[in-house]
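Good morning, and thank you for coming. Please take a moment to look at the structure on the screen before I describe its parts.

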Amino acid sequence: MSLTCPICQEALSPVDNGVACPANHRFDRARQGYLNLLPVQHKNSRDPGDNVAMVEARRRFLDGGHYAPLATRLAELAAERKPQRWLDIGCGEGYYTAQLAERLPDADGYALDISREAVKRACKRAPQLSWLVASMARVPLADASCTLLASVFSPLDWQEALRLLAPGGGLLRMGPTGEHLMELRQKLYDEVRDYDDQKHLELIPPGMRLAHSETLRFALPLTSSQARADLLAMTPHGWRASAERRAAVIAEDFEVTVSIRYDWIEKI
Ligand SMILES: C[S@@+](CC[C@H](N)C(=O)[O-])C[C@H]1O[C@@H](n2cnc3c(N)ncnc32)[C@H](O)[C@@H]1O
């Protein structure tokens with residue numbers, strides 16, 4: 001076990017129904033099987049991270065298979081790296097994590113999210129993994145303990161990523177390109193802001209380097225009002241756009257461009 005105490009950073013060992021460190025900081029295992037390693041003093045709010053409505057919307061949308069090609073490619077890229085221990089940072093409700101687990105059956109897999117509602121649901125998808133409610137700013141795993149980190153549509157603490165990676169390991173990041181969901185954004189806003197999908201590369205810290213990038217792009221017909229409503233609810237557009245524009249999007253079928261980039265960023 002390479003879990004560390006989120007309070008004193010000493011190693012955690014299994015105890016009855018949970019884990020504890022030598023200083024006797026104890027963390028119980030929840031009924032669903034995950035460990036809550038987010039002490040109250042590290043929470044910025046009572047219920048940090050995505051809320052139930054967002055988590056449920058994302059779960060319905062992803063289980064509908066609309067983004068299945070994205071998950072397949074993510075898992076293929078991860079399997080090529082043959083990691084021994086991997087961690088999905090910001091795993092949400094675990095759709096991508098479960099596909100990583102399926103392609104990495106012999107590796108030691110971990111997944112964390114700050115949202116308890118997300119992890120509660122995620123851990124049912126792949127009970128063989130170690131699921132954690134924890135913050136990506138203080139990951140309760142030892143230095144150099146991982147050979148692969150996954151970051152899928154999530155924010156990232158680059159210094160923590162660097163600390164967690166063993167030399168030769170790397171971060172597999174998946175995020176939108178500037179044209180992702182363009183048609184949806186055009187329907188929601190008068191002016192569609194073009195965002196820079198290279199920006200994250202400027203954040204790569206010394207000690208890591210970009211080794212590979214690729215883009216996966218396809219047209220996705222949105223033919224059910226539930227799928228359109230869920231896509232809105234699982235993105236910031238759900239609260240950013242006006243109620244009128246959102247209703248118009250939900251009302252009629254249309255096609256969106258899905259355009260995602262994968263970056264493999266190695267620890268040197
Ligand atoms: C856009 S969602 C992506 C979820 C999942 N990777 C997916 O693509 O389905 C971003 C996730 O990051 C989580 N998150 C935000 N801040 C976090 C933090 N400081 N530590 C851990 N997770 C965090 C949210 O709770 C949310 O589940």
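**A walk through the fold**

I begin inside the sheet, where strand β5, residues 85–89, runs parallel to strand β6, residues 108–113, and five bridges join the two. Within this pair, leucine 87 stands opposite tyrosine 110 of β6. Please keep in mind throughout that this is a predicted model.

Eight strands make up an open sheet with mixed pairing, and their order is β4-β7-β6-β5-β8-β9-β11-β10. At its edges are β4, residues 35–36, and β10, residues 208–222, each of which pairs on one side only. Helix α3, residues 95–103, lies across β5, β6 and β8, and its direction is at about 165° to β5.

How many helices and strands does the protein have in total? There are nine helices and eleven strands.

The largest nonpolar core has 70 residues, and the members that touch the most others are Leu74, Ala78, Leu87, Leu112 and Leu149. Helix α2 gives the largest share of this core, with six residues. As for leucine 74, if we leave aside neighbours within four places in sequence, its contacts are Tyr96, Gln99, Leu100, Val152, Met174 and Tyr262.

Next come the annotated positions. An unreviewed UniProt entry lists Tyr67, Glu93, Gly94 and His180 under "binding site". Tyrosine 67 sits in the loop between α1, residues 52–63, and α2, residues 68–80. Is tyrosine 67 buried or exposed? Tyrosine 67 is buried, because 20 other C-beta atoms lie within 10 Å. Not counting residues up to four places away in sequence, it touches Leu62 and Val258.

Histidine 180 lies in a loop as well, the one between β9, residues 165–176, and α6, residues 182–188. With 20 other C-beta atoms within 10 Å, histidine 180 is buried. Apart from residues up to four places away in sequence, histidine 180 touches Thr257, Val258, Ser259 and Ile260. Val258 is therefore a residue touched by tyrosine 67 and by histidine 180.

The unreviewed UniProt entry also places the feature "binding site" at Cys5, Cys8, Cys21 and His25. These residues span 21 residues in sequence, yet no two of their C-alpha atoms are more than 8.4 Å apart, so they gather at one spot.

Consider two of them. Cysteine 8 is in the segment before β1, residues 13–15, and it is exposed, with 10 other C-beta atoms within 10 Å. Beyond its neighbours within four places in sequence, cysteine 8 is in contact with Cys21, Ala23 and His25. Histidine 25 is in the loop between β2, residues 18–20, and β3, residues 26–28. Histidine 25 counts as partly exposed, because it has 16 C-beta neighbours inside 10 Å.

Finally, the overall dimensions. A compact globule of 268 residues would have a radius of gyration near 18 Å, and the protein, at 19 Å, agrees with this. Its C-alpha atoms fill a box of roughly 60 × 40 × 30 Å along the principal axes. Of the 268 residues, 39% count as buried. Among contacts between residues at least 6 apart in sequence, 66% join residues at least 24 apart.

Notes. Residues numbered from 1 in each chain as written. Predicted model: local features only at pLDDT ≥ 70, side-chain atom pairs only at ≥ 80, totals over all residues. UniProt positions renumbered as here; feature names shortened; annotations may be inferred. Helix = DSSP H or I, 4+ residues; strand = E, 2+ residues; numbered from the N terminus. Buried ≥ 20, exposed ≤ 12 C-beta atoms within 10 Å, placed from the backbone. Contact = placed C-beta atoms within 7 Å. Core = buried A, V, L, I, M, F, W, Y, C linked by C-beta atoms within 7 Å. Pairing = 2+ DSSP bridges. Axes fitted to C-alpha atoms, helices over the stretch in contact; angles between N-to-C directions. Rg over C-alpha atoms; globule rule 2.2 N^0.38 Å.
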